Amino acid sequence: MLNGRHLIDIKDFSKQELNEIFDLADQIVKNPEDFSHCCDGKILATLFYEPSTRTRLSFETAMLRLGGKVIGFSEPNSTSVSKGENIADTIRIIGCYADVVAMRHPKEGAPKVASIYSKIPVINAGDGGHQHPTQTLTDLLTIRSIKGSLSNLKIGCCGDLKFGRTVHSFIKAMSMYENNSFTLISPRELKVPEYIKRELDKNNVVYKETKKLEEVIGELDILYMTRVQKERFFNEEEYIRLKDSYILDKLKMQEAPERMIVLHPLPRVNEIACEVDDDPRACYFKQAQYGVYAREALIMKLLGLEL
Amino acid sequence: MLNGRHLIDIKDFSKQELNEIFDLADQIVKNPEDFSHCCDGKILATLFYEPSTRTRLSFETAMLRLGGKVIGFSEPNSTSVSKGENIADTIRIIGCYADVVAMRHPKEGAPKVASIYSKIPVINAGDGGHQHPTQTLTDLLTIRSIKGSLSNLKIGCCGDLKFGRTVHSFIKAMSMYENNSFTLISPRELKVPEYIKRELDKNNVVYKETKKLEEVIGELDILYMTRVQKERFFNEEEYIRLKDSYILDKLKMQEAPERMIVLHPLPRVNEIACEVDDDPRACYFKQAQYGVYAREALIMKLLGLEL
Amino acid sequence: MLNGRHLIDIKDFSKQELNEIFDLADQIVKNPEDFSHCCDGKILATLFYEPSTRTRLSFETAMLRLGGKVIGFSEPNSTSVSKGENIADTIRIIGCYADVVAMRHPKEGAPKVASIYSKIPVINAGDGGHQHPTQTLTDLLTIRSIKGSLSNLKIGCCGDLKFGRTVHSFIKAMSMYENNSFTLISPRELKVPEYIKRELDKNNVVYKETKKLEEVIGELDILYMTRVQKERFFNEEEYIRLKDSYILDKLKMQEAPERMIVLHPLPRVNEIACEVDDDPRACYFKQAQYGVYAREALIMKLLGLEL
């Protein structure tokens with residue numbers, strides 16, 4: 001039962017619960033307009049203590065497409081934070097206004113704290129470098145929809161694997177499904193953290209690490225590209241030296257198999273050349289569309305609503 | 001008749017008009033979903049020249065719960081103010097867009113000026129240190145709903161009684177009802193202004209002033225706590241010395257009668273210890289809920305709408 | 001067919017297409033409530049990379065009055081721009097969320113670029129000092145509604161004719177209609193640019209230039225006043241010297257014919273004295289109302305919707 005639950009970490013939900021969400025999302029994908037009154041009379045609060053236009057608009061679109069309504073804020077300086085209010089009080093008051101909350105916060109753990117005091121479901125819409133579970137829902141729904149399954153996949157993750165919040169959640173989630181293997185492609189300075197590798201080892205998930213995308217792209221079913229986030233670097237020189245290292249272009253795509261799909265949580269800077277956009281294997285804009293459907297399904301489940 | 005009227009100062013409405021609003025709010029409290037289409041096709045404009053997330057979201061929730069829609073802005077820098085436009089022109093244009101306006105402004109009197117030029121009802125959502133009448137509506141609805149009456153009450157007001165806008169309106173409004181008496185609890189530096197006391201005297205309302213909450217808490221029916229607003233102080237040292245003086249905690253609550261309810265306009269900083277939150281007499285979060293119902297009733301009345 | 005088209009420059013639409021929009025707007029003016037469900041289930045995205053409260057709220061009101069919903073942002077700092085995303089990617093993602101976009105951008109040409117990559121209609125809501133076609137739609141609808149025709153008019157344009165984006169579009173659009181003539185009233189420093197005059201010459205449109213409003217006001221059918229935009233000046237002294245030069249007041253209005261109507265794109269600063277507001281010929285607030293109707297008609301046409 002997902003009714004009344006919170007989503008803070010993708011691991012909060014069992015594989016079976018995730019499948020329930022994906023099954024509902026599949027229905028929405030097929031007939032989105034059938035769902036246009038499912039949330040009539042319901043209100044989503046989007047509490048964004050850090051701006052993130054894409055994520056916020058994806059949530060708001062999801063709620064509006066379901067017939068629901070939205071209140072909220074998109075930036076910290078328009079909030080009561082400046083008057084010194086704590087998250088516990090805020091969420092208790094928002095619980096008097098809304099039926100479900102999506103919270104983005106620069107501090108890791110803030111949505112978790114909110115969920116403890118909340119009488120309505122709290123969805124973590126990203127907390128610092130920590131968790132971003134609805135991005136992972138989006139990634140998995142995209143793969144399941146396009147590849148037909150979440151198992152038996154050779155998955156490449158490329159770019160900044162050290163600081164990238166979304167790629168960590170993605171690896172953890174995909175390692176829950178049978179017979180997936182990982183190829184972790186990054187510069188030495190931006191390798192995946194040890195705790196992720198320990199988890200993969202513990203679960204007997206096959207993985208390898210490499211520096212060169214060209215050498216492994218031919219083997220992949222999924223290529224998950226990530227942005228080299230400038231704001232994570234302390235050293236601007238290092239950023240400039242590394243940012244172009246892992247650019248996916250037409251030339252590299254020629255080495256990739258027909259079946260391989262390219263994902264990216266977006267926004268991209270230049271890690272995927274624009275010339276790749278028209279390649280039918282480029283699925284990162286489709287991902288944005290699946291993101292809306294995934295959030296629609298999630299909201300319905302947390303509110304205990306059915307078609 | 002409240003249809004087409006403005007609400008700038010709580011005194012704009014007679015006791016009978018306030019009762020009309022409270023009677024409608026009572027109905028909404030009982031069956032909120034019966035009212036979910038009362039404002040179909042209507043638009044509320046929230047013009048917030050000063051951020052106030054809680055008040056804004058309360059208004060927006062009220063309108064959305066009635067089936068209406070919302071336009072507006074939440075901060076001054078996204079407005080046309082920077083192009084030098086005056087309030088009179090702004091409100092005339094907003095009158096072409098919306099059916100009712102809630103305006104928050106840092107300058108005292110700005111909503112009054114707006115109402116003079118407006119062809120649609122203007123609600124003052126707080127103007128500087130001056131008026132905040134919908135907070136008072138909320139306070140009164142909460143008391144009426146929980147205590148069953150607005151008369152024959154021993155009311156304590158504690159904290160910053162000098163600068164606190166909401167407590168001034170609260171005292172004025174409650175002194176309109178029969179046989180209420182006031183205990184004004186504050187440090188010497190933050191005593192209630194003389195003009196309020198003169199008004200109490202003029203209306204033969206019984207009140208006393210004291211510095212110690214502990215000595216009077218045992219006699220009260222209502223304890224209205226207020227925030228010591230840092231931004232009202234010029235002297236930071238004085239702020240630090242005073243801010244902890246009037247903290248309501250479990251120990252003080254042991255001296256309070258069973259019948260006493262605690263109100264607070266929120267946000268609180270630390271003037272009410274979190275350990276008090278679970279006390280059944282703590283009604284400040286319920287207040288936030290009543291705030292939505294009070295605003296729903298107000299909007300309906302100003303728009304001349306009925307169930 | 002306007003279904004699926006973009007509106008970047010008012011010249012994108014033929015006279016016949018403009019008339020289609022005006023004819024629909026006329027119907028909306030007459031019975032606005034008949035249209036209150038035409039956009040049920042549709043979403044407008046308002047992407048304002050530069051604040052412009054009036055224009056944004058006019059678009060949002062238009063969509064809400066049609067039964068549609070709105071997502072968006074009102075300021076650049078809450079967007080993904082700071083993460084380095086380009087407009088092409090943004091619009092492709094917004095195309096997964098919304099059905100139609102209104103974009104305001106400080107850079108000339110940005111909405112044009114967006115339209116190239118967009119799968120949903122893009123409306124230019126103002127790009128730098130360049131185009132603002134929905135203001136022109138508004139101006140023309142106002143004139144057509146009040147004067148009954150867009151032809152055979154003596155049109156005065158007064159104020160800053162050099163930097164004023166809206167007045168350029170207005171002149172170009174009105175010169176498409178038969179037998180209109182222009183009187184261009186401005187200080188020497190703020191005369192209409194040469195390229196506009198060349199276009200008027202090319203189309204054999206009669207016009208004259210003058211410095212004195214008093215000398216020509218008696219001949220006009222339309223007086224289009226514009227704001228002297230402080231932000232366009234590099235020299236503050238020059239601004240102060242010029243800004244009061246072209247103030248329309250009661251005295252000047254006494255020289256104007258009964259039939260003359262005064263328009264202004266708003267906001268005004270002091271170029272129209274408040275004493276003129278009550279003159280029945282002052283139509284600039286009505287213009288704001290027509291602006292909503294014009295945008296309603298435009299949105300319906302671009303979405304291929306009918307009553």
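Reader: Why are α6(A) and α7(A) called roughly parallel to each other?

Author: This is a predicted model, and in it the axes of helix α6 (residues 165-174) of chain A and helix α7 (residues 194-202) of chain A cross at roughly 5°. Angles under 35 degrees count as roughly parallel, and therefore α6(A) and α7(A) are given that name. Their axes come within 10 Å.

Reader: What makes the contact of α6(A) with α7(A)?

Author: On the α6(A) side there are A:H168, A:I171 and A:K172. On the α7(A) side there are A:Y195, A:I196, A:E199 and A:L200. By class, the residues of this contact are four nonpolar, one polar and two charged.

Reader: Which residues of α2(B) and α11(B) meet?

Author: From α2(B) come B:T55, B:S58, B:F59, B:T61, B:A62, B:M63 and B:R65. They meet B:G291, B:V292, B:R295, B:E296 and B:I299 of α11(B). The residues of this contact comprise five nonpolar, four polar and three charged.

Reader: How do you know whether B:Q131 is buried or exposed?

Author: Its relative accessibility is 6%. Buried means under 20%, so B:Q131 counts as buried. B:Q131 sits in the loop between β4 (122-127) and α5 (133-147) of chain B. Leaving out residues up to four places away in sequence, B:Q131 touches B:I8, B:D9, B:N124, B:G126, B:R165, B:S169 and B:K172.

Reader: What makes the pairing of the side chains of B:Q131 and B:D9 a polar contact?

Author: The distance given for the two side chains is 3.4 Å. The cut-off for a pair of N or O atoms is within 3.5 Å, and the pair is listed as a polar contact.

Reader: Why does B:E271 count as buried?

Author: At 3% relative accessibility, B:E271 is under the 20% limit, so the word buried applies. B:E271 lies in the loop between β9 (261-263) and α11 of chain B. A polar contact of 2.7 Å joins its side chain to that of B:H264.

Reader: How many residues apart along the chain are B:E271 and B:G159?

Author: They are 112 residues apart along the chain, yet their C-alpha atoms are separated by 8.2 Å.

Definitions and conventions
Residues are numbered from 1 along each chain as its sequence is written. Chains are lettered from A and ligands numbered from 1 in the order in which they are written. This is a predicted model: local features need pLDDT of at least 70, side-chain atom pairs count only at pLDDT 80 or more; totals for chains, interfaces and linings use all residues. Side-chain values use heavy atoms; hydrogens and water are left out. Axes are lines fitted to C-alpha atoms, for helices over the stretch in contact, and angles run from 0 to 180 degrees between N-to-C directions. Helices (H or I, at least four residues) and strands (E, at least two) are DSSP runs, numbered from the N terminus. Angles under 35 degrees count as roughly parallel, over 145 as roughly antiparallel, 65 to 115 as roughly perpendicular and the rest as oblique. Contact means heavy atoms within 4.5 Å. Ala, Val, Leu, Ile, Met, Phe, Trp, Tyr, Cys and Pro count as nonpolar, Asp, Glu, Lys and Arg as charged, and the others, Gly among them, as polar. Buried means under 20% relative accessible area, exposed over 50%, partly exposed in between (1.4 Å probe, protein chains only). A polar contact is a pair of N or O atoms within 3.5 Å; within protein, one must be able to donate a hydrogen and the other to accept it, and residues adjacent in sequence count only if both atoms are side-chain atoms.
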